[in-house]
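User: Hey, I'm new to this one. Can you walk me through it?
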Amino acid sequence: MSLAPLPVTVISGYLGAGKTSLVNHLLRNAGGRRIMVMVNDFGALDIDADLLESATEDTLTLANGCVCCTMGTELLYALSDALDRRPRPDCLVIEASGVADPAKIAAAAHAEPEMTYSGIVTMADAASLAERLADLLIGAQVAGQFRGADLILVTRTDIADFGAARALLAPLSAAPVIEAPMGAAPVDLLLDRPEAAPPAPGGHDHGADYASWSTKGGRVSLAGLRALLGAPPPGLYRFKGFAMTGEGAVEAQLVGRSFTVKPSAETETRAVAIGPKPLFDPEGFGAAWGKIAL
């Protein structure tokens, strides 16, 4: 008996735009659907997969960040894995890394005869959108992610103006633009979309090469961690991970100039920092991390 084609939705957006929050929202509100999640992270440690609240055997991880450039073969193997699962998932959600070209991922899924392409959902952080688009290093890459979108969700509208963000997006894409302050949007709108034709992949000029720093193990001062994230070094665009401190385990995240530190149940320090190579110095960040180590 032939199986129904597997719908594939790609979640895209620049570093820290809210992709993992959206995937968590989908998992919490699946409505009986069996959702398979594929996470494509950037850096030596796969932090995003660990940030999923409902990670199970139906979560696959692809490393090294840029699916279109470095993960072509592994992506195809992962898509085949999804199709071979029994029972087959009701839908596949691919969370692309912040530096990946979603159109290349969509094209790979569309090429599978047993899959249907359900669209690219691109996240936009209203608080940093203007700065990111104006950035000479990454502006073209960020704009390109919106041009291939079938749906755009604007996050962090609780602290930034939705109308201003929508005006910036209007010249870039004709896709519907929806407000999603905490990465939440109607699940039916995201997953139950008609089959579409994927956008034509571009040359995918990154605009900037990216450097990453990572660490595993050890303990740090909680006050020192807060101070480091509160006054981040130049070029640090994204920090995410878990840290063991003298006051207990915490989950720490930084996007641009905004950071959060909250209690965590993790038992080991694992963290990643990312930024454009011309600006971000991994060794310098490692030295700063060393100064807050216990």
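Predicted model: local features only at pLDDT ≥ 70, side-chain atom pairs only at ≥ 80, totals over all residues.

User: Okay, what is Leu-169 in contact with, leaving aside its neighbours within four places in sequence?
Analyst: Leu-169 touches Ala-124, Leu-129, Phe-146, Ile-152, Val-154 and Val-177.

User: And which residues have the most contacts inside the largest nonpolar core?
Analyst: Leu-169 is one of them, along with Tyr-14, Leu-15, Phe-146, Ile-152, Val-154 and Tyr-210. That core has 23 residues in total. At least two residues of the core come from each of α7 (139–147), β6 (151–155), α8 (162–169) and β13 (270–276).

User: Switching topic: how many residues of β4 are buried?
Analyst: For β4 (residues 91–95), 5 of its 5 residues are buried.

User: Which strand does β4 pair with, then?
Analyst: β4 pairs with β1 (residues 6–13) in the parallel sense, over 4 bridges. Within that pairing, Glu-95 is the bridge partner of Ile-11.

User: What about α10, which of its residues are buried?
Analyst: In α10 (residues 222–230), those are Leu-222, Gly-224, Leu-225, Leu-228 and Leu-229. They line one face of the helix, because they fall within an arc of 160° seen down its axis.

User: What covers them?
Analyst: The cover includes β9 (219–220), β10 (238–245), β11 (248–255), β12 (258–263) and α11 (282–291).

Methods: Residues numbered from 1 in each chain as written. Heavy atoms only, no water. Core = buried A, V, L, I, M, F, W, Y, C linked by side-chain atoms within 4.5 Å. Buried < 20%, exposed > 50% of the residue type's maximum accessible area, 1.4 Å probe, protein only. Contact = heavy atoms within 4.5 Å. Pairing = 2+ DSSP bridges. Arc of directions from axis to C-beta.
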